[in-house]
Amino acid sequence: MPTRAAGGADRRGKPNPEEAGQPVADKPTRLSVNISPATEEALQMIVDREGVTVTEALRRLVGYGRVLYEATAVDGDELLIRRGDQTERIIIL
């Protein structure tokens, strides 16, 4: 992330559009991480089943994880899976 100088410009002298009142486009962030074999397997499963890139598989899994996290850890909800007429309680640790 560039360091901002006085007057809303970054170190290279480029103006900060947010401070200039201009809309800021959503710009993807490049991220380099080490993942476990289980995480790699989960990503590959989505790639194979959905026919998407690893990047898209990661986006989807993070999105699913966020929903689960917010429901259980933030809101204190229970997560249920219903298959036909059977409902199972899921506990996420």
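User: Which residues does leucine 43 touch, leaving aside those up to four places away in sequence?
Analyst: Leucine 43 touches Ile35, Val54, Ala57, Leu58 and Leu61, where contact means heavy atoms within 4.5 Å. This is a predicted model, in which local features need pLDDT of at least 70 and side-chain atom pairs count only at pLDDT 80 or more, while totals for chains, interfaces and linings use all residues. Residues are numbered from 1 along each chain as its sequence is written, and side-chain values use heavy atoms, with hydrogens and water left out.

User: Which residues make up the largest nonpolar core?
Analyst: That core has 5 residues: Leu43, Ile46, Val47, Val52 and Ala57. A nonpolar core is a set of buried Ala, Val, Leu, Ile, Met, Phe, Trp, Tyr and Cys residues joined through side-chain atoms within 4.5 Å. Buried means under 20% relative accessible area, exposed over 50%, and partly exposed in between (1.4 Å probe, protein chains only).

User: Which helix gives the most to this core?
Analyst: Helix α1, residues 37–50, gives the most, with 3 residues.

User: What percentage of the protein counts as buried?
Analyst: Of its 93 residues, 10% count as buried.

User: In what order do the elements run?
Analyst: The order from the N terminus is α-α-β-β, with 2 helices and 2 strands in the protein. Helices (H or I, at least four residues) and strands (E, at least two) are DSSP runs, numbered from the N terminus.

User: At what angle do the axes of α1 and α2 cross?
Analyst: The axes of α1 and helix α2 (residues 54–74) cross at roughly 110 degrees and come within 9 Å. Therefore α1 is roughly perpendicular to α2, a term for angles of 65 to 115 degrees. Axes are lines fitted to C-alpha atoms, for helices over the stretch in contact, and angles run from 0 to 180 degrees between N-to-C directions.

User: Which residues meet there?
Analyst: From α1, Ala42, Leu43, Ile46, Val47 and Glu50 meet Val54, Ala57, Leu58, Arg60 and Leu61 of α2. The residues of this contact comprise 8 nonpolar, no polar and 2 charged.

User: New topic: where is aspartate 77 found?
Analyst: Aspartate 77 lies in the loop between α2 and β1 (79–83). Its relative accessible area is 42%, so aspartate 77 is partly exposed. Not counting residues up to four places away in sequence, aspartate 77 touches Ala71 and Thr72.

User: And which strand holds isoleucine 90?
Analyst: Isoleucine 90 belongs to strand β2, residues 86–90. Isoleucine 90 counts as partly exposed because its relative accessibility is 25%.

User: What does isoleucine 90 touch, not counting residues up to four places away in sequence?
Analyst: Isoleucine 90 touches Leu79 and Ile81. The C-alpha atoms of isoleucine 90 and glutamate 78 are separated by 7.1 Å, although the two residues are 12 residues apart along the chain.

Technical notes: Angles under 35 degrees count as roughly parallel, over 145 as roughly antiparallel, 65 to 115 as roughly perpendicular and the rest as oblique. Ala, Val, Leu, Ile, Met, Phe, Trp, Tyr, Cys and Pro count as nonpolar, Asp, Glu, Lys and Arg as charged, and the others, Gly among them, as polar.
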